[in-house]
Amino acid sequence: MSERLNRGDEAVLTLISAPAGFGKTTLVTEWLAVAAPGRSVAWLSLDERDNDPVVFWTYLVSALQTAVDGVGNGALAVLDEPHAAMDEVLATLVNELDALPRDVVLVLDDYHVIATREVHDRLAFLLERLPPNVHLVIATRADPALPLARLRARGQLVEVRAADLRFTADEAAAYLNEAMGLALPPEHVAALDARTEGWIAALQLAALSMQGRDDLAAFIAGFAGDDRYIVDYLVEEVLQRQPEDVRDFLLSTAVLSRLSGPLCDVVVGRDGGAAMLEHLDRANLFLVPLDDRRHWYRYHHLFADVLHARLLAEQPERVPVLHRRASEWWARNEEPGEAIRHALAGGNPERAAELVELAMPAARQNRQESTLRHWLKQLPEHVLRDRPVLRAGYAGAILVHGEVQGVEEHLRDAERWLEAVGSREPTGAGADEAVVRAVRSQVAVYRAAQARLTGDLQGTMTHAGRVLDLAGDDEHLVRGSAAGLLGLAHWTSGDLDAAHRWWNESRAQLHRAGHHSDTLGVSIALADIDLARGRLRDARTTYEAGLATAARHNPQVLRGVADMHVGLSETFLERNELEAAREHLAVSDQLGDGAGLPQNRHRSRVAMARLRAAEGDPDSAVSLLDEAERLYVGDMFPDVRPIPAVRARMWVTQHRVGEALGWARERELSPDDALSYLREFEHATLARILLAQHEHSGDPTPLVQATGLLQRLVEAADAGQRRGSVIQLSVHLALARQAGGDLPAALASLDRALTLAAPEGYVRVFLDEGQAMASLLRTLETGSGTHAHAHVRRLLDADPAPDRGPLAQQRLIEPLSGRESEVLRLLGTDLDGPGIARELYLSLNTVRTHTRNVYAKLGVNSRRAAVRRAGELGLLPRRPQR
């Protein structure tokens with residue numbers, strides 16, 4: 001059997017399919033103990049609750065993390081997002097598994113309990129894409145709904161069936177006489193083997209029943225029936241032959257999915273649970289240890305089923321009591337999920353509702369809205385009806401996923417309760433005053449959020465303002481949420497100063513409430529608004545403050561830290577400090593998706609795309625933007641810089657004007673459109689496309705359209721005090737006026753942009769426009785009237801030199817030193833700055849000095865460009881022999 005299982009290394013899936021009690025789990029356990037010394041093993045035992053796809057994949061990834069620390073953090077981060085696409089979750093997981101240095105065996109035990117089509121389909125998706133270092137083992141009582149025929153035809157399936165698992169006569173004799181010590185004569189062994197057909201569980205139960213009996217021949221003669229009756233008969237024999245305290249313990253703990261000494265003490269109602277579990281383990285009474293310390297156990301599923309059936313048949317009145325005790329124990333031990341499950345199983349939904357209500361604040365703070373929603377869905381309607389806190393919370397759990405369906409019903413019920421309270425007692429008597437105030441505030445917050453999701457900005461402001469009127473000074477979370485919604489409404493409408501004020505208030509309130517991940521999310525909003533207002537330095541300060549906040553807590557579990565590094569990379573990129581931008585993106589990537597908010601995955605790729613474009617690699621930039629669009633996850637933030645618009649601009653740099661015009665037509669953009677802040681970036685992109693169309697065709701019409709549109713956009717941005725927009729729009733307007741032959745007007749527009757940009761250190765907004773902008777800058781420098789001469793010189797110094805013919809014909813002004821050649825070689829590897837320093841036994845500052853010298857001699861300003869140019873010149877040296 002081991003030889004067959006070992007062939008699984010060459011397959012994708014090992015399937016062990018046989019009825020209950022055939023030793024599937026034992027077989028896999030023993031095989032792994034022998035065959036997996038060099039591999040990591042992840043084991044997931046399934047039950048009916050795992051039919052929920054989110055629960056299934058969460059537990060599967062968690063099982064992998066017990067085998068390989070950190071693997072699956074990205075997948076869990078995606079899974080925790082609103083509207084998480086399961087294919088995206090699995091694609092992220094496959095990428096993480098593919099990067100592992102060791103082989104991994106993933107075991108799914110008791111897969112037959114899974115009946116959800118979605119779980120089967122997604123597991124089939126995973127099987128098709130598993131990297132070669134990962135092998136899946138499934139143990140099940142029935143063949144799973146997976147593409148087994150296709151896997152079998154490809155030679156990617158190893159199968160173990162019931163016929164392979166049955167004990168032979170010799171194995172049955174060895175088990176009964178040697179392992180169980182029964183000393184049966186050959187005819188008795190043969191009879192038992194024939195009656196059980198090699199069924200291991202039946203033999204085990206038979207052996208337990210025969211221990212200490214004098215009438216073995218009669219027992220064996222009467223041993224008959226199909227599997228279910230055999231189990232019932234033998235368990236009856238086993239239970240009846242146990243001491244009363246053991247039998248009572250087994251039946252009392254049948255309600256538990258996991259067992260520990262302290263938990264069993266409470267449920268059974270007496271001490272000694274740990275000692276009893278040790279006794280059952282030693283007696284082979286179908287107890288399966290769940291940890292190495294043998295602190296937690298579970299019953300063999302088949303045995304547990306029978307125990308539970310016996311309990312219901314013999315002592316049905318005890319079942320609610322046992323569940324109540326279990327629920328109370330789990331609640332005291334801060335496991336609300338188990339506490340709620342037992343309360344529901346014990347027929348006490350009112351208690352379950354109380355537990356959900358108690359767990360709501362922590363669930364929200366830890367961003368476990370999906371779990372909260374799952375709990376609420378299990379509560380009966382009549383229980384929810386009288387619990388306005390849960391009604392309002394249910395609405396919030398739906399809204400956080402960006403959905404509105406079902407929200408109105410829950411909010412109306414909560415409002416009806418408030419009206420009833422008010423009609424009974426104007427002062428609020430008859431209901432806890434704090435509860436009334438909290439429900440009113442929450443309903444108003446969720447009304448504001450609902451209005452924001454439906455595009456009703458005035459409704460958002462009205463409801464959010466009402467929250468601030470209702471909430472007490474100490475209700476920091478509610479006040480922070482309302483302030484954030486007001487910030488969103490003003491941001492969406494283009495009133496950035498008001499938006500910034502409200503977001504600052506939101507951040508302060510959320511910080512006081514202890515919602516530190518949310519404060520980092522607010523920091524992103526503040527920095528985005530700073531950039532739109534042309535305050536590059538303030539944006540950088542905001543991100544650095546976010547990192548300082550994270551450092552005061554646990555940055556390993558605080559979501560949003562990775563986002564701060566992506567934000568910082570964008571500020572450094574705008575200042576043309578490309579290496580610093582790259583380093584921050586590398587840090588964000590190393591932290592992983594688990595350290596980022598849901599939107600960080602697409603934001604980081606957009607930032608990297610801009611970096612690649614700055615390094616002269618627009619093809620790579622467009623690929624990154626395509627990936628960012630696939631990973632895009634929306635939220636309540638206004639999408640003021642849509643990824644397709646960024647890509648359209650990139651197409652312009654690639655001379656793909658037709659595709660860019662196609663995007664504009666698809667978006668139904670026109671130079672004569674009414675202007676709004678939400679579409680400002682798209683209209684600015686349209687203007688840049690029209691300029692490119694004029695450059696390629698010579699047709700004056702697109703130029704006239706672009707110039708008029710840009711003039712209107714500048715005026716609108718000026719009126720909204722969006723200096724960041726004014727800088728970029730003025731740059732484009734300068735280029736349009738230059739193309740139209742109006743050089744004085746072009747220089748005036750450029751002078752306006754420089755006056756605003758110089759104090760903040762903006763560089764890329766000018767350099768990204770290429771030689772046409774360089775020509776304008778040189779003209780401006782030789783003239784007069786500019787307020788930013790020093791910045792003009794900085795821009796011209798930073799601008800790559802014009803083309804000087806084929807690079808292969810160029811020579812370096814000064815050759816590279818030996819150490820600079822070594823640094824150049826390592827720049828072409830995956831090593832970061834500290835890694836290069838360690839490789840060359842140099843200080844990091846020395847490496848940076850050599851890097852700057854390499855850039856200067858090659859005439860580039862980034863690592864990627866240096867490697868590319870050195871390759872074209874044939875300057876990449878071979879590694880010296882040591």
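Guide: Aspartate 768 is partly exposed, at 41% relative accessibility (buried is under 20% relative accessible area, exposed over 50%, partly exposed in between, with a 1.4 Å probe and protein chains only). Its salt-bridge partner is arginine 764, with the closest N and O atoms 2.7 Å apart; a salt bridge is a side-chain nitrogen of Lys or Arg within 4 Å of a carboxyl oxygen of Asp or Glu. Arginine 764 is buried, at 6%. The model is predicted, so local features need pLDDT of at least 70 and side-chain atom pairs count only at pLDDT 80 or more, while totals for chains, interfaces and linings use all residues. Residues are numbered from 1 along each chain as its sequence is written, and side-chain values use heavy atoms, with hydrogens and water left out.

The structure holds 46 salt bridges. One of them joins aspartate 413 to arginine 416, at 2.2 Å from N to O. Both residues lie in helix α24 (residues 407-424), three residues apart, about one turn of the helix; helices are DSSP runs of H or I with at least four residues, strands are runs of E with at least two, and both are numbered from the N terminus. Here aspartate 413 is buried, with a relative accessible area of 15%, and arginine 416 is partly exposed, at 48%.

Another salt bridge pairs aspartate 528 with arginine 603, their closest N and O atoms being 3.1 Å apart. This pair links distant parts of the chain, with aspartate 528 in helix α29 (residues 516-532) and arginine 603 in helix α33 (residues 600-614), 75 residues apart. Salt bridges also form a network, which links Glu350, Arg351, Glu354, Glu357 and Arg387.

Some arginines face rings instead. Arginine 129 lies over the face of phenylalanine 125, 3.7 Å from the ring centre; a charge sits over a ring if NZ of Lys or CZ of Arg is within 6 Å of the ring centre and within 35 degrees of the ring normal. The charged end of arginine 258 sits over the ring of tryptophan 296, 5.3 Å from its centre. Tryptophan 296 is buried, as is tryptophan 329. Trp296, Trp329 and Trp330 form one aromatic cluster, where rings of Phe, Tyr and Trp (its six-membered ring) pair if their centres lie within 6.5 Å, and planes under 30 degrees apart count as stacked, over 60 as edge-to-face and the rest as tilted.
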